[in-house]
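Hi,

Here's the structure I said I'd pass on.

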Amino acid sequence: MAFELPALPYDKAGLAPHMSAETLEFHHGKHHQAYVTALNNFVKDKPELQGKSLDDIVKMSYGKPDMAGVFNNAGQHWNHILFWNCMKPKGGGAMPGRLEQKIAADFGGVAQFKDAFKTAGATQFGSGWCWLVVGKDGKLKVSKTPNGENPLAQTGEMAILGCDVWEHSYYIDYRNRRPDYLTAFVENLVNWEYVDSLLAKA
Ligand SMILES: [Fe+2]
């Protein structure tokens, strides 16, 4: 069965003014769609990928030079699915208690976590992502990855929050001001209830 572009879990204009309808029109409708289309074309031509889940394809194609095209598009499909779900209209604000307590325990405080997350995103050179990850030791940590890579591929660890720092995610609304985009993401866009629900599953 072919992979599909998931519908956004909110109206295209729902994240404005922090992320515009125009950004979502291009980012979701064009960029994410292109990853899905390319992934499906690879799967069509490679019997070993047919019937595999997206997680399986991400893991089995990572680090293999002859599967680089497969990985880039599968990774980006996986990353964007998480990204859309990690935002909501009127996001940001207070976190659910369980998540806040876990973040405070592992980072020393919510402010310290937010600084670490925004720094990871701002210092990812070129295209990539920053993440909040449940580490193998059960502790939360922040990381960053280039291009379409993600924690699932690199270590098998579970990301419970991801922010796209490719220029296509912020250039329409923020031009070159990636740090301003990261601040808006953390303070006004994140769906902390969704992040908390992933923490509960991890
Ligand atoms: Fe993107």
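In this predicted model, 18 residues of domain 1 are in contact with 16 residues of domain 2. If you want to find the two parts on screen, the domain assignment puts domain 1 at 21-85 and domain 2 at 97-201. Their centres, taken over C-alpha atoms, are 20 Å apart.

So which helices does domain 1 use to touch domain 2? H1, helix H2 (54-61) and H3 each put in at least two residues. H3 gives the most to that side of domain 1, with nine residues. Sorted by class, the residues on the side of domain 1 that touches domain 2 are seven nonpolar, eight polar and three charged.

Helix H1 (residues 21-45) packs with helix H3 (residues 68-85) at an angle of about 140°, and their axes are 8 Å apart. Is that antiparallel or oblique? Roughly antiparallel would need an angle over 145 degrees, so H1 counts as oblique to H3. The crossing of H1 past H3 is left-handed.

To see who does the touching, colour these residues. On H1, pick His28, His32, Tyr35, Val36, Ala38, Leu39 and Phe42. On H3, the partners are Gly69, Val70, Asn73, Ala74, Gln76, His77, His80 and Trp84. This contact of H1 with H3 has eight nonpolar and seven polar residues, but no charged ones. Compare that with the side of domain 1 that touches domain 2, where three charged residues turn up.

Cheers

Definitions and conventions
Residues numbered from 1 in each chain as written. Predicted model: local features only at pLDDT ≥ 70, side-chain atom pairs only at ≥ 80, totals over all residues. Axes fitted to C-alpha atoms, helices over the stretch in contact; angles between N-to-C directions. Helix = DSSP H or I, 4+ residues; strand = E, 2+ residues; numbered from the N terminus. Parallel < 35°, antiparallel > 145°, perpendicular 65-115°, else oblique. Left-handed = near helix turned anticlockwise from the far one by under 90°. Contact = placed C-beta atoms within 7 Å. Nonpolar A, V, L, I, M, F, W, Y, C, P; charged D, E, K, R; others polar. Domains from an automatic or database assignment.
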